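Below are some notes for a colleague who is meeting this structure for the first time. Please read them with the sequence and the model side by side.

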Amino acid sequence: MTEALESNSYDVLIIGGGAAGLMAAVLLARQSSELKIAVLDGAKRLGAKILISGGGRCNVTNVSVTAKDFSGGSRNVIKRTLKAFSAKQTVQFFADLGVELHEEEHGKLFPDSNKARTVLEALIESAESQGVHLLTDQRVESIQKQDDTFSVGTQQAEFKCTKVIMATGGRSIPKTGSDGFGYELAKSLGHSITETVPALAPMLLDGEFHEGLSGIALETELTLRTKSSWGIPNPCLSISGAGCRRLF
Ligand SMILES: Cc1cc2nc3c(=O)[nH]c(=O)nc-3n(C[C@H](O)[C@H](O)[C@H](O)COP(=O)(O)OP(=O)(O)OC[C@H]3O[C@@H](n4cnc5c(N)ncnc54)[C@H](O)[C@@H]3O)c2cc1C
């Protein structure tokens with residue numbers, strides 16, 4: 001057991017081992033091999049959401065990603081983020097991990113294996129090979145800061161570190177481990193939180209007229225006029241965050 005694990009003391013603790021947390025771990029470890037880094041995740045296995053993404057194939061990115069592709073948030077922050085790490089760099093990042101991507105309709109990029117597991121395994125392997133500790137079944141319940149030290153409490157243990165990266169995901173599909181508790185942790189440290197709304201959520205319709213349409217995928221445009229007009233039990237027709245904000 002390493003010194004860091006024995007003392008539960010790290011330079012950086014990353015809370016959440018999904019796509020964001022694992023990428024942060026890989027990039028941070030590359031910056032400095034001296035840093036003691038651990039990822040704490042409440043789930044028994046990492047990356048449940050990566051595995052279900054893109055219908056199990058993981059649509060990693062798109063050939064073209066611009067600030068216009070995002071709704072909500074500050075346009076400038078999104079621009080700066082994309083400038084700091086572009087879609088092209090994402091492709092290179094995965095190529096360096098041995099995950100080659102290919103282009104499909106509308107510029108979507110998928111792993112050549114067509115398996116989301118390839119993406120997850122590459123991230124885990126890269127993090128571990130650089131000495132990052134991936135600690136599962138460690139759901140963080142509290143974070144406290146005193147002077148320059150964070151105390152991070154899970155059911156099993158108390159960890160200490162000087163930097164914390166929150167990568168606890170949103171609220172979608174709570175059984176994957178991200179149930180929104182990360183927002184409470186951030187609030188407990190004094191952060192303000194933008195109210196969340198569902199996005200890309202299936203729409204449910206009353207009645208039965210749509211039953212015979214099951215399995216048909218069409219590119220369509222839908223105009224939302226009243227609250228009572230919503231509902232289609234077909235995951236291909238999803239509503240964006242912007243639409244949801246108008247409805248809620
Ligand atoms: C059905 C579906 C399909 C999708 N398809 C695609 C796609 O093809 N391409 C794409 O780019 N995006 C896709 N997405 C979106 C994408 O999956 C997410 O944006 C992405 O996985 C979010 O990654 P994340 O690391 O921010 O969060 P998550 O993957 O949610 O990871 C958060 C992690 O934090 C852990 N955690 C949460 N709270 C705590 C706590 N208190 N203590 C410790 N650990 C905690 C969780 O266990 C989890 O492992 C899809 C989403 C869904 C639901």
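1. In this predicted model, five of the seven residues of strand E1 are buried, so E1 is largely enclosed by the rest of the structure. A residue counts as buried here if 20 or more other C-beta atoms lie within 10 Å of its own.

2. The setting of E1 is an open sheet of six strands with mixed pairing, in the order E6-E2-E1-E9-E8-E7. Its edges are formed by strand E6 (133-135) and strand E7 (140-146), each of which pairs on one side only. On average, and with direction ignored, neighbouring strands of this sheet are turned by 40 degrees against each other.

3. Strand E1 (residues 9-15) runs parallel to strand E9 (residues 158-166), and six bridges join the two. To follow this pairing in the model, one may look for valine 12, which stands opposite lysine 163 in E9, and for isoleucine 15, which stands opposite methionine 166 in E9.

4. Where does helix H2 (residues 19-31) lie? The helix lies across E1, E9 and strand E2 (37-40), and H2 runs at about 175 degrees to E2.

Key:
Residues numbered from 1 in each chain as written. Predicted model: local features only at pLDDT ≥ 70, side-chain atom pairs only at ≥ 80, totals over all residues. Pairing = 2+ DSSP bridges. Helix = DSSP H or I, 4+ residues; strand = E, 2+ residues; numbered from the N terminus. Axes fitted to C-alpha atoms, helices over the stretch in contact; angles between N-to-C directions. Contact = placed C-beta atoms within 7 Å. Buried ≥ 20, exposed ≤ 12 C-beta atoms within 10 Å, placed from the backbone.
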